[in-house]
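User: I would like to learn how to read a few features of a protein model, one at a time. Please give the general idea and then the case here.

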Amino acid sequence: MGSQARAAQVEEVIRRVEAHYVFSDVAAKLAKVLRARLDEGAYADLDDPEFATVVTADLQSVNDDRHLRLRHHVDPVAEDGDADHVSDDFRQAAALENFGIASARRLPGNVGYVDTTLLYPLDLAAPAFSAAMTLVAPADALLIDVRHNRGGAPEASAFLQSYLVDEPTHYLDIYERDGDRVTQMWTLPYVPGPKFGGTKPIWVLTGPATFSGGEDLAFSLQRQGRAKTVGEATRGGAHPREQYKVDTYLDVTVSIARAYDPKTGENWEGAGVPPDVPVAADKAFDTAYELALRHVLELGDQGPRRVVADEARTALDRL
């Protein structure tokens, strides 16, 4: 890669950041960092993957925004925005990942469990999300696992949360630099299938790999008092982002908005979502399941509940 071509790529990254980054003052600082690094030869003699890694580190050096990344791709990148979300490859990848639902099942003791890996756009994932939530709707308690959830669409978080409340709930605001506007995020008044509802207990399993949309889910349920988080603090990415083409095999992801609690103005950027019940991430399931089973036993063991109570006691003995 010639020096002029590399410089043009850096300038394209700067152009995208200055035009779209949610904080314009930070964008100006980022531009200075990248130009200084270019002038000192930091990007010389690097192949594209190395270049992407080094520029990403420089982008994150100002305010540690982990949504700011220059990415190298083996295949030619899509055009700006969500073009890749409608590509055949993206749809196939979503299907192979079961649209972000790694597991949904009833655990012994009538405890529901849903493991999510990505909040895919609803035009792809709504049937899978709905099927998972329908399966766990009759449970006495629910575990939602986002320990390996790497992000996704805010609308998908709203959809999932809608199964967990009884009334439409305003749970998050998103400020967008473009248009200087705020969008209120509400749960939906209607979802297909039965709801788990707004009264039965929920525990959300978190860890250091939980990011972005997975953090939205954990943060919003925690702040509503609707769920307790169990595990470790999450990764800390509260800025919705968009991707922009830089060159044939390079694109840059830029934070275009800021999500925050409408009551306090706080979010999880940088710090992550703290656990209500702090344990090692690999112990989060057992810890949360034990809490759920103890709740189930508090519901009694008379009549039809006898079988469930026996299951819960046996499951507790095995933990």
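Analyst: Begin with strands: helices (H or I, at least four residues) and strands (E, at least two) are DSSP runs, numbered from the N terminus. Two strands pair if DSSP finds at least two bridges between them. A hairpin of two residues joins β9 to β10. This is a predicted model, where local features need pLDDT of at least 70 and side-chain atom pairs count only at pLDDT 80 or more, while totals for chains, interfaces and linings use all residues. Residues are numbered from 1 along each chain as its sequence is written, and side-chain values use heavy atoms, with hydrogens and water left out.

User: How many bridges join β9 to β10, and in which sense do they run?

Analyst: Strands of a sheet pair through backbone hydrogen bonds, either parallel or antiparallel. Here β9 (residues 241-247) and β10 (residues 250-255) run antiparallel and are joined by six bridges. In one of them, Q243 has T253 of β10 as its partner.

User: What is the order of strands in the open sheet of three?

Analyst: The order is β6-β5-β11, and the pairing is antiparallel. Strands β6 (181-186) and β11 (257-260) are at the edges; each has a single partner strand, so one side of each lacks a neighbour in the sheet. On average, neighbouring strands of this sheet are turned by 20° against each other, direction ignored. For such angles, axes are lines fitted to C-alpha atoms, for helices over the stretch in contact, and values run from 0 to 180 degrees between N-to-C directions. β5 (residues 170-176) pairs with β11 over four bridges, and E176 has A257 in β11 as its bridge partner.

User: Which helix lies across β5 and β6?

Analyst: Contact means heavy atoms within 4.5 Å. Helix α6 lies across both strands, and runs at about 175° to β5. P154 belongs to α6 (residues 154-162). Beyond its neighbours within four places in sequence, P154 is in contact with Y171, I174, M185 and D216. P154 and D216 are separated by 62 residues in sequence, with 7.6 Å from C-alpha to C-alpha.

User: Why does P154 count as partly exposed?

Analyst: The classes rest on relative accessible area: buried is under 20%, exposed is over 50%, and partly exposed is in between (1.4 Å probe, protein chains only). P154 has 23% relative accessibility, so it counts as partly exposed.

User: How many aromatic pairs does a search of the whole structure find?

Analyst: A pair of aromatic rings is described by the distance of the centres and the angle of the planes. Rings of Phe, Tyr and Trp (its six-membered ring) pair if their centres lie within 6.5 Å; planes under 30 degrees apart are stacked, over 60 edge-to-face, and the rest tilted. The search finds seven pairs. F159 and Y163 are edge-to-face, with 5.5 Å between centres and 80° between planes. F159 is buried at 6% relative accessibility, and Y163 is buried at 0%. F219 and W268 form a tilted pair, 4.9 Å centre to centre with 50° between the planes. This pair links distant parts of the chain, 49 residues apart: F219 is in helix α7 (residues 213-223), W268 in the loop between β11 and β12 (277-278).

User: Where does R6 lie relative to F51?

Analyst: A charge sits over a ring if NZ of Lys or CZ of Arg is within 6 Å of the ring centre and within 35 degrees of the ring normal. R6 lies over the face of F51, 4.0 Å from the ring centre. R235 lies over the face of F211, at 4.4 Å from the ring centre.
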